[in-house]
Amino acid sequence: MVSLQAIWRHPDDLYPMVKLKLAARRAEKQIPAEPHWAFCYSMLHKVSRSFALVIQQLDTDLRDAVCIFYLVLRALDTVEDDTSIAMEVKVPILMAFHRHIYDREWHFSCGTKDYKVLMDEFHHVSTAFLELGSGYQEAIEDITMRMGAGMAKFICKEVETIDDYDEYCHYVAGLVGLGLSKLFHASGKEDLPSDTLSNSMGLFLQKTNIIRDYLEDINEVPKSRMFWPRQIWSKYVNKLEDLKYEENSVKAVQCLNDMVTNALVHVEDCLTYMSALRDPAIFRFCAIPQIMAIGTLALCYNNIQVFRGVVKMRRGLTAQVIDRTKTMGDVYGAFYDFSRMLKSKVDDADPNAKKTKESLEAILKICRDSGTLSQRKSYIIQSKPQYNATLIAVIFIILALLVAYLSATRPTNI
């Protein structure tokens, strides 16, 4: 539940948050009646609520294909993520996963919570997969095979160089970009972009996640999982885990800024990819996560809290991004504002300050040259208006009652 203090600080978050909550309830009510599809869409809501919201806007055949694509790769990732699985067991499963999706009986117990349910009842996903069109099946199988092989390779290999880092991110996320591009093309709604552009869409998201999740990954039990490349972190500390200790705070932030600067190189490709999309639903599906990524990087940059806890965009701002992202002009505006925010945090004493500023200036120029910046109201950088405290309190109470009512209303199948 969002606090009254949060609403007071950011009153413009209130309306988009109500809309988002209502949209989430509508999406939950659109779960199909067939048992295997009901399982797939219910599981999608459990393992990725934000993804489920955007996917519901796609046309039915593409929506089903993307849903299954996501769940197949989520299952594959669950196998890779489970550090309790012995290497001699894990590697063959990763390598053969693209064949398992054709087997209605196959399942493998691993993971925790909802991810364990997904793996235990994976036969529902396979059943749904076999009902997709052949073009969708071929694209999903191809990407699953290539991703499984790449994951298996990095089970036995450390991320030493920046090239290793890019290769790992390609296997676990760049291929997702390639796969989605193939699914969009198979639907007949989009042209097939270059692999380079599709790959960058995935790399930008993955690198953002790797940066943000440092503390969670380094504290993973029974064994840490880290993908920050040695070529970067070894410039600052002797061991990667040293970044989380207070005595290394200055070096940790410098290393963090180095990682963020590395991620920014993919932004130009991402903007080019999104500017070529024609279908409004596919555009929003692609654009919202990209805006979330640049926003997250802006928050993480120069922020020691990355090594102390969780750094993420507030829910209200997330709701505003989802609500207001409709056109490429909205994307340019968001990237412009978040890049300005990030640039304002660059310290000239930082070892990578010059490189960071050059990357940000290039992004800002692309956004300015689009000619769209004057056509939108910024919801990221703005002066704080004064609101009546009593009015805010009343609105918050109404919101609380609405959320309580919605939470008590059980979703129905249609």
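1. Residues are numbered from 1 along each chain as its sequence is written, and side-chain values use heavy atoms, with hydrogens and water left out. Because the model is predicted, local features need pLDDT of at least 70 and side-chain atom pairs count only at pLDDT 80 or more, whereas totals for chains, interfaces and linings use all residues.

2. Helix 6 (residues 87–100) packs with helix 9 (residues 134–155) at an angle of about 160°, the axes being 6 Å apart. Helices here are DSSP runs (H or I, at least four residues), numbered from the N terminus. Axes are lines fitted to C-alpha atoms over the stretch in contact, and angles run from 0 to 180 degrees between N-to-C directions. The two helices are therefore roughly antiparallel (over 145 degrees).

3. The contact (heavy atoms within 4.5 Å) involves residues including Leu 94 and Phe 97 of helix 6 and Met 145 and Gly 148 of helix 9. By class, the contact has 10 nonpolar, 3 polar and 2 charged residues. Ala, Val, Leu, Ile, Met, Phe, Trp, Tyr, Cys and Pro count as nonpolar, Asp, Glu, Lys and Arg as charged, and the others, Gly among them, as polar.

4. Most residues other than glycine have a negative phi. Lys 113, in helix 7 (residues 113–120), has a positive phi near 55°. At 72% relative accessibility, Lys 113 counts as exposed (over 50% relative accessible area; buried is under 20%, partly exposed in between, with a 1.4 Å probe and protein chains only).

5. Asn 302 also has a positive phi, near 60°. Asn 302 lies in the loop between helix 16 (280–300) and helix 17 (315–324), and is partly exposed, with a relative accessible area of 33%.

Technical notes. Parallel < 35°, antiparallel > 145°, perpendicular 65-115°, else oblique.
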